[in-house]
Amino acid sequence: SGASLRYSTGTGGEGSEGEGAGPGSSDSGGSGFSLAASALPERRRPGGGRPRYEVVRELGAEEVRWFYREDRKTWKPFIGYDSLRIELAFRALGSAGAAAGQPAAVEPVCVRSGLYEVDVASAESYPVYWNQTEKIPVMRGQWFIDGTWQPLEEEESNLIEQEHLNRFKGQQLQESFDMEISKPVDGKEAIHSLKLSRNHVDWHSVDEVYLYSDATTSKIARTVTQKLGFSKASSSGTRLHRGYVEEATLEDKPPQTSHIVFVVHGIGQKMDQGRIIKNTAMMRDTARKVEEKYFSNLATHVEFLPVEWRSKLTLDGDTVDSITPDKVRGLRDMLNSSAMDIMYYTSPLYRDELVKGLQQELNRLYSLFCSRNPEFEEKGGKVSIVSHSLGCVITYDIMTGWNPVRLYEQLLQKEEEELEESWMSYEERRLLEELYITKQRLREIEERLHELKASTISKPPVLKFKVENFFCMGSPLAVFLALRGIRPGSSGSQDHILPRTICNRLLNIFHPTDPVAYRLEPLILKHYSNISPVQIHWYNTANPLPYEHMKPSFLNPSKEATSAPEPESSSAAPSPTTSPVLLRRHYGESITNIGKASILGNVPGDGGQIQHPGECPWGWRADPASWVISDPPLVALLVDFPVELEHRIDFELREGLVESRYWSAVTSHTAYWSSLDIALFLLTFMYKQDQEETDKPNLDTL
């Protein structure tokens, strides 16, 4: 926008007649101000653009622009919709305060897609959904620096604006509109000046205003350049513009949120408090770039909310710190603040506290979001969760209600059943019966106690929302499930580890060198350990193949097979509840090639008969009907297709061309947040589902 500049001096004065219904006019919400410009004669620049009024008057609300500044960086402008509403609150605050003789109370203004609020009285902004120690300053911009359109500091801007109105209010503006590029005012003397603390301002005309620094070095530079024949303005002055380059309108509004994503952190949050807020901000900003490039035609958008669950927990207090030796204290404190979270979670004493902490924070955020966006649930808004590291395990346990106490009770019950089935002496059976009666009595006492007081064993945590997608990043979930006894099945369904009634889609994202990440697919079908994860597309890939159309392919073999393996004995036959392990094949070879009839070689045997019915001599097992025998020579054709997953779960980031695997092993676990590839991946699945819901035909109409 800096290439096409607007040099507006605002709207008319106090004596102007009436208020018009200019662009973006709207009721001010009880503040007594209108967003419309005055109905004075106006002219438009060639080719359209902002209106330009013929006389100098006070700036309209649409010409003022509010800014915010984060992390001490440059000022960023609020979008027009936010800036207008902040300006109206500012004017309402001023008028109400002047009438009452004291500062008036004004409701905070919700900004930045509802994530923040602005307190106009204190000129500060703060987040709605999470805690932040540093407040975000906001500033009202009236005068702006040429080229960058950064606002002048508010104190100086107010002085310049007051002086401008005192000197030029009601005066006619220049006729020329040919100001696309700032031109030096050679030979023009200043018609008015204003001295500031460290600068001064010269008006060479109503429209031509320059700011000069009064520092000694600036004065010397200005004197030298003027002696060389350069004008004062062109030598060291900075051109100023009154009113922002772009008019604020109510149409400049953020799209409606149709999908919220809760971002859950893993270990280490105690060591670096607030890190998940920064990581979520990086993911949100990256997703915004992707939305603008690939999904700008959609009227809705995805919002990311950080879930900070660790800082509110007390756990053991400072007991672990008190028993920590002083030598290499820095390293020990780092481990206590990071890896200790894993030990806390495996502890029966503290595990429930971690689970409750995350569950309560998820429900709090969802309830707060719905209270501030009542149309979200009405319009079928969806919720997804992105979890990192240990956060994946805790989130999984919350969704499924997994509890080690109940697992232990199930194991005891199984042992009792096995004891009842086994042979035992009369004395052993009598003691077992007494034990059974005692346990029954104990259960009755526990039930009575539960009626009087809540049970000490916590109930499974329940979420207030259905999870649409569960994205795991750098997740050790597969290891935890394997240690809990989960083994591969034969159905190829996600329900084997996470029922779709709980979560519609499970997706496991990892970097190939992330030492904490593990695959989930081989826990569903064992032979997927020999099938490569789906490669996540580069962000800038042209016309990428949709993920659902990508065929499974084999991993590279660790060692080329030089000879066919020996037949396995029938006693080692796989369980009918497991799928066979496939031989590793060349990378890129489609799994569907397995099912195609292909010559495997001569079958050893006599008279065209397979010596071991149901067994392929190369190690494959199948129904004998699936083998086709020809004679001579004997060949076997495999026509059974192996079971495939209903949908893929493991997705792998692509390694960089010059990426060091050893260095990546150190950095990859925390490198997910700012990845454009991951942002595109997340949005692709979430927008795809929203689009499918929209495109579904109405069966009633049909």
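The average pLDDT is 75, and 65% of the residues score at least 70. Residues 1-50 stay under 50. Where pLDDT is low, the predicted coordinates should not be read in detail.

An open sheet is built from seven strands. Their order is β15-β14-β16-β17-β18-β25-β19, and the pairing is parallel. The edges are formed by β15 (300-307) and β19 (534-535), each of which pairs on one side only. Helix α5 (residues 275-294) packs on this sheet. The helix touches β14, β15, β16 and β17 (467-473). Its direction makes about 170 degrees with that of β15. Within the sheet, strand β14 (residues 256-264) runs parallel to β16 (residues 382-388), and six bridges join the two. In this pairing His-259 stands opposite Lys-382 of β16.

Leu-362 belongs to helix α9 (residues 351-372). Its relative accessibility is 0%, so Leu-362 counts as buried. Beyond its neighbours within four places in sequence, Leu-362 is in contact with Phe-262, Val-264, Val-307, Leu-463 and Phe-465. Lys-464 lies 102 residues away from Leu-362 along the chain, yet their C-alpha atoms are separated by 8.5 Å.

Helix α2 (residues 154-168) was examined for its length and its faces. Its 15 residues should span 21 Å at 1.5 Å a residue. The end C-alpha atoms are 20 Å apart, which agrees with that expectation. Buried positions in α2 are Glu-156, Ser-157, Ile-160, Glu-161, His-164, Leu-165 and Phe-168. Viewed down the helix axis, these residues fall within an arc of 160 degrees, and therefore line one face of α2. They pack against four strands: β9 (143-145), β10 (192-195), β11 (199-203) and β13 (238-242). The face turned away from the buried side carries the exposed residues Glu-155 and Asn-166. Just after α2, Gly-170 adopts a positive phi of about 85 degrees.

Note on methods: Residues are numbered from 1 along each chain as its sequence is written. This is a predicted model: local features need pLDDT of at least 70, side-chain atom pairs count only at pLDDT 80 or more; totals for chains, interfaces and linings use all residues. Side-chain values use heavy atoms; hydrogens and water are left out. pLDDT is the predictor's confidence in each residue, from 0 to 100. Contact means heavy atoms within 4.5 Å. Two strands pair if DSSP finds at least two bridges between them. Axes are lines fitted to C-alpha atoms, for helices over the stretch in contact, and angles run from 0 to 180 degrees between N-to-C directions. Buried means under 20% relative accessible area, exposed over 50%, partly exposed in between (1.4 Å probe, protein chains only). The expected span of a helix is 1.5 Å times one less than its number of residues. The arc is that of the directions from the helix axis to the C-beta atoms.
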